Amino acid sequence: WLGIHAGEATLEARGVGVEDGVYVYRFATTARTRPAVSAIYLVDTRTESWVDVAGFHSRRFRQHAREGGYRHDSVTTFDLVGRTAAYDSIDFGRVPRGISALDEVLRVTGFRRQDFAIPGPVQDELSGLYAVRALPLEVGRTVVLPTFANTKLWELEVRVLRREPLETALGPVETLVVEPLLKYEGLFQRKGR
C-alpha cells in the first residue's frame with residue numbers, strides 16, 4: 001500500500017477433519033494489516049470453508065470481517081436433505097460502538113437466522129476456488145458452479161483460456177490460465193480480469 005508493507009493475506013488448505021460425522025476438507029483465508037497500518041485502517045478478516053470429501057460441496061462457511069468501520073460475522077450451514085442454506089449473522093447495527101469482543105456482541109444481539117432454498121450441492125465463496133482446481137479442465141471450455149454467496153445463489157462461471165508454461169524454483173510447470181466471471185462480490189472482488 002503506497003510502497004509500505006501494509007499486511008499479509010493467506011490462502012490455505014488445512015487438511016481433512018471430521019465434522020458432524022462426515023469427512024471434510026478445511027480451507028481458510030486470512031487478511032490482516034500490520035500494527036502501524038491497523039491504527040489508520042484495520043483489516044482483520046478470516047473465512048473458513050468445510051467441504052464434503054465425498055461430493056466436494058460446501059457443508060459450512062464461516063466469515064469474520066473487520067475492515068475499517070465495517071464489521072461482519074456469519075456462519076452458513078448447508079443442508080442437502082432439506083435443500084436449505086441456514087445463514088446465521090450478527091446485526092452490528094444494534095451493537096454499541098464501544099463493544100468489540102465477540103462474546104459481548106453475542107450477549108447484546110445474538111445471531112439472526114435466515115433460511116434460503118438451494119437446489120442441491122453448492123459451493124461457497126471459498127470452496128468454489130478449490131472445486132475448480134479439482135475438475136478436469138479443458139482449454140476452450142467453461143465450467144459453471146452453483147455458488148451460495150451474500151445470501152443468494154449464483155452461477156460461478158470459469159473460462160479455461162489456454163495452457164501456459166510457468167517458471168518456478170523447481171523448473172518449468174505447465175499451467176492452465178482460467179478466468180472466473182464473478183457475478184457477486186465477497187471474498188473475491190470483480191475488478192479487472
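Mentor: Let's start with valine 75, which stands opposite aspartate 88 in β6. Strands β5 and β6 (residues 84-89) run antiparallel and are joined by six bridges. Keep in mind as we go that this is a predicted model.

That pairing belongs to an open sheet of seven strands, ordered β1-β2-β3-β4-β5-β6-β7 and paired antiparallel. At its edges are β1 and β7 (112-117), each pairing on one side only. From one strand to the next, the twist averages 15°.

Strand β5 also holds tyrosine 70. Is tyrosine 70 buried or partly exposed? Its relative accessibility is 45%, so tyrosine 70 counts as partly exposed, the class between 20% and 50%.

β1 and β2 pair in the antiparallel sense over 11 bridges, and threonine 10 stands opposite threonine 30 in β2. The two strands form a hairpin with two residues between them, and aspartate 20 in the turn has a positive phi of about 55°. Next along, β2 and β3 run antiparallel with nine bridges joining them, and here arginine 32 stands opposite aspartate 44 in β3.

What lies across these strands? Helix α3 does: it lies across β1, β2, β3 and β4, running at about 70° to β1. Within α3 (residues 127-134), the buried residues are Ser127, Gly128, Tyr130, Ala131 and Val132. The buried residues of this helix pack against β1 (7-19), β2 (22-33), β3 (44-52) and β4 (58-67), and also against β8 (142-149) and β9 (152-168).

A pair of aromatic rings is described by the distance of the centres and the angle of the planes. The structure holds six aromatic pairs. One of them joins phenylalanine 27 and phenylalanine 56, a tilted pair at 6.4 Å centre to centre with 40° between the planes. This pair links distant parts of the chain, 29 residues apart, as phenylalanine 27 is in strand β2 and phenylalanine 56 is in the loop between β3 and β4. Phenylalanine 27 counts as buried because its relative accessibility of 6% is under 20%, while phenylalanine 56, at 21%, is partly exposed.

Another pair is edge-to-face: phenylalanine 78 and phenylalanine 148, 5.8 Å centre to centre, with 85° between the planes. Phenylalanine 78 lies in strand β5 (residues 70-79) and phenylalanine 148 in strand β8, so this pair ties together parts that are 70 residues apart in sequence. Both phenylalanine 78 and phenylalanine 148 are buried. Elsewhere, ring pairs link Tyr25, Phe27, Phe56 and Tyr130 into a cluster. A ring can also meet a charge: the charged end of arginine 60 sits over the ring of tryptophan 50, 4.5 Å from its centre.

Strand β8 brings us to the three-stranded open sheet, with the order β8-β9-β10 and antiparallel pairing. Each of β8 and β10 has a single partner strand, so one side of each is left without a neighbour in the sheet. Here the twist averages 35° from one strand to the next.

Let's finish on β10. It runs antiparallel to β9, with 11 bridges joining the two, and glutamate 167 stands opposite proline 172 in β10. Strand β10 (residues 171-181) also contains glutamate 174. Leaving aside residues up to four places away in sequence, glutamate 174 touches Arg163, Glu164 and Pro165. Glutamate 174 and glutamate 164 are 10 residues apart in sequence, with 5.9 Å from C-alpha to C-alpha.

Methods:
Residues are numbered from 1 along each chain as its sequence is written. This is a predicted model: local features need pLDDT of at least 70, side-chain atom pairs count only at pLDDT 80 or more; totals for chains, interfaces and linings use all residues. Side-chain values use heavy atoms; hydrogens and water are left out. Helices (H or I, at least four residues) and strands (E, at least two) are DSSP runs, numbered from the N terminus. Contact means heavy atoms within 4.5 Å. Buried means under 20% relative accessible area, exposed over 50%, partly exposed in between (1.4 Å probe, protein chains only). Rings of Phe, Tyr and Trp (its six-membered ring) pair if their centres lie within 6.5 Å; planes under 30 degrees apart count as stacked, over 60 as edge-to-face and the rest as tilted. A charge sits over a ring if NZ of Lys or CZ of Arg is within 6 Å of the ring centre and within 35 degrees of the ring normal. Two strands pair if DSSP finds at least two bridges between them. Axes are lines fitted to C-alpha atoms, for helices over the stretch in contact, and angles run from 0 to 180 degrees between N-to-C directions.
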